[in-house]
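Please examine the structure shown below, together with its sequence. A briefing follows it.

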Amino acid sequence: MTVHNLYLFDRNGVCLHYSEWHRKKQAGIPKEEEFKLMYGMLFSIRSFVSKMSPLDIRYKLHYYETPTGIKVVMNTDLGVGPIRDVLHHIYSALYVELVVKNPLCPLGQTVQSELFRSRLDSYIRSLPFFSARAG
Amino acid sequence: MSRQANRGTESKKMSSELFTLTYGALVTQLCKDYENDEDVNKQLDKMGYNIGVRLIEDFLARSNVGKCHDFRETADVIAKVAFKMYLGITPSITNWSPAGDEFSLILENNPLVDFVELPDNHSSLIYSNLLCGVLRGALEMVQMAVEAKFVQDTLKGDGVTEIRMRFIRRIEDNLPVGEE
């Protein structure tokens, strides 16, 4: 376990401080650009989250990526612990089973399958950390 | 659209004869549809490619293999995990090029060709060419452009079946999934 790096930004996107401890790869772009990209990403996420829950801006973002570039991103409240197995289940038992293996579902575009949508919905609602009532 | 309960990570058992006969029927029909062996070979490669781009996701979902760091690791995973999982065989890996960008898969037996004999008028047919397309399509989805081709074939009288795999380049951009 280690720490790679740390950014400190102010409200205007100015990078107040950047430190690096264990960073395996450099970005290949000037530091200024990297700070802008990082801040841009945070700003976008922040703006999504405030649309979901305007009162509480603290949340957890869970991220799972496969070698084929499929990315599962789940935002939860702070009470939820590590859920790699949940994200893996969404990929393997839902996306792969119901979309990839269905020759009538084209890849590379929005999934139209109602079966996928409803199975995913049931799965999420069945999770132990899911509460129908927010907060 | 109803669907049976998820079967988790186990394989369904299926008759290998049914599989061999189905594949044979597919090739036979392609031979009827297309005038010459070269076109059939191309179609098999294309169909294989379309299978491969989806099969890789099933493979990743079931095998929990992470991203491979180099072509040698890729070769190992293909031979020892993927071939085993889908065809029940484990080809051996031989003939690495000095640069480490080419290797051969040697298949002692090939489930696709059980009971098959090539007739004389189809001497340039690459019967199992679907496999080459599958390998190409699957690897493309994990950012590797490769060429896969048969260099020996028991159907043509060779002692073993050999697929030569060549690494062309790393695919950097995430291109939209193309089905050919």
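The points below treat chain B, one of its helices and the interface with chain A.

This is a predicted model, in which local features need pLDDT of at least 70 and side-chain atom pairs count only at pLDDT 80 or more, whereas totals for chains, interfaces and linings use all residues. Residues are numbered from 1 along each chain as its sequence is written, chains are lettered from A and ligands numbered from 1 in the order in which they are written, and side-chain values use heavy atoms, with hydrogens and water left out.

**Chain B overall**

- Chain B contains four helices and four strands (DSSP runs numbered from the N terminus: H or I of at least four residues for helices, E of at least two for strands).
- Along the sequence, the order of these elements is α-α-α-β-β-α-β-β.
- Of the 180 residues in chain B, 44% are buried (under 20% relative accessible area; exposed is over 50% and partly exposed is in between, with a 1.4 Å probe and protein chains only).
- Among contacts in chain B with a separation of 6 or more, 59% join residues 24 or more positions apart (contact means heavy atoms within 4.5 Å).

**Helix 1 of chain B**

- Helix 1 covers residues 16–33, 18 residues in total, and spans 26 Å from first to last C-alpha, close to the expected 26 Å (1.5 Å times one less than the number of residues).
- Its buried residues are Thr20(B), Tyr23(B), Gly24(B), Val27(B), Leu30(B) and Cys31(B).
- Viewed down the helix axis, these buried residues fall within an arc of 125 degrees, so they line one face of helix 1 (the arc is taken from the directions from the axis to the C-beta atoms).
- The cover over these residues includes helix 2 (37–63) and helix 4 (129–140) of chain B.
- Leu21(B) and Lys32(B), on the other side of helix 1, are exposed.

**Interface of chains A and B**

- In chain A, 24 residues are in contact with 20 residues of chain B.
- About 1900 Å² is buried between the two chains, with carbon and sulfur atoms giving 52% (accessible area lost on being put together, 1.4 Å probe, summed over both parts).
- Pro67(A), Thr68(A) and Leu107(A) lose the most area in chain A to chain B, together 32% of what that side buries.
- The count of salt bridges between the chains is one (a side-chain nitrogen of Lys or Arg within 4 Å of a carboxyl oxygen of Asp or Glu).
- Lys101(A) forms a salt bridge with Asp58(B), their closest N and O atoms lying 2.7 Å apart.
- Helix 2 (84–100) and helix 3 (114–126) of chain A each supply at least two residues of the side that touches chain B.
- Helix 2 of chain A gives the largest share of that side, eleven residues.
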